[in-house]
Amino acid sequence: MYKILEKTQFSEKVFKFRIEAPAIAKHAHAGQFLMVRANETGERVPFTLAGWNPEEGWVEFIFMVIGKTTEMLSTYEEGDSIQDVTGPLGMPTEVDGDSVAVIGGGVGLAIAFPVAKHLVETGHEVHAIMGARTKDLLLMEDQFRELLDEDHIHITTDDGSYGRKGLVTEGVEEVIKREKVNKCFAIGPAIMMKFVCLLTKKYEIPTDVSLNTIMVDGTGMCGACRITIGGKTKFVCVDGPEFDGHQVDFDEMLKRMGAFKNIEREE
């Protein structure tokens, strides 16, 4: 059992849990993820690590309520326990390039932050492009502002309620036109990552993405998370979750994710 040490609610449907997990915290790296099972009858769901502290023995993950399991998790409170947490899983972040644009959309900002922090700590110049539908859905702003100077933070909202009005891709193009950027890292909705990669490919800027495909076991056994990278089949849970975005077959990935959603609705 994994005790919830702290629960934070960012908006109506977005929450952060800090849980007691000393063994996981000791081995955690940016870019890795957890498989979480709320109770004995619950399904296993993946959540990317949003923070960890090996000295204090805790890890954090952020989730949005979108289905039965996340709805149940949202009812848990500090002091409650989660049945199973497995991790850290997946390959750690490895980003080269002197000046890196870290692009996060929606809940993806929770994953973008530890990547940006890792890059700053290893001597990279980092520009954060933060996107959300509205101001209320913008996550991790305080953490990014503690990490980066004001001129390295670029915020967009779809409705113009905060920062620059427009899609995150518009913010990305503005930055790469004005600043020296020789690498991009993007995480967010699949459709967002697709269009970020189409944009950066035009500018010939290498781009890594952290994929959020459907997973069942998180160990490569079930094959549910398979994708095509450069014409070859890979598994997000063991080969990723980070890949060269210019090699990802996003259209195939979106079709697979859409098919799963259709099945869910029919049930």
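What you're looking at is a predicted model, where local features need pLDDT of at least 70, side-chain atom pairs count only at pLDDT 80 or more, and totals for chains, interfaces and linings use all residues. Residues are numbered from 1 along each chain as its sequence is written, and side-chain values use heavy atoms, with hydrogens and water left out.

Let's start with the whole chain. Its secondary structure comes to 8 helices and 16 strands; these are DSSP runs numbered from the N terminus, with helices being H or I of at least four residues and strands being E of at least two. The radius of gyration is 18 Å, close to the 18 Å that the globule rule gives for 267 residues, so the chain is as compact as a globular protein of that length. (That radius is taken over C-alpha atoms, and the rule is 2.2 Å times the number of residues to the power 0.38.) Along the principal axes, the C-alpha atoms fill a box of roughly 50 × 40 × 35 Å.

How much of the chain is buried? Of the 267 residues, 51% count as buried, meaning under 20% relative accessible area with a 1.4 Å probe, protein chains only. As for contacts (heavy atoms within 4.5 Å), take those with a separation of 6 or more: residues 24 or more positions apart account for 65% of them.

Now to the sheet. Seven strands, in the order β11-β10-β9-β8-β12-β13-β16, form an open sheet with mixed pairing; two strands pair if DSSP finds at least two bridges between them. At the edges stand β11 (164-165) and β16 (242-244), each with a single partner strand, so one side of each is left without a neighbour in the sheet.

On one side, β8 (residues 99-105) runs parallel to β12 and is joined to it by 5 bridges, with G104 standing opposite I187 in β12. β12 (residues 183-187) is also joined to β13 (residues 207-210) by 3 bridges, again in parallel, and here A186 has V209 in β13 as its bridge partner.

In a regular strand the side chains alternate between the two faces of the sheet. For β12, both faces are covered: K183, F185 and I187 on one side, and C184 and A186 on the other, are all buried. That makes 5 of its 5 residues buried.

Technical notes
Buried < 20%, exposed > 50% of the residue type's maximum accessible area, 1.4 Å probe, protein only.
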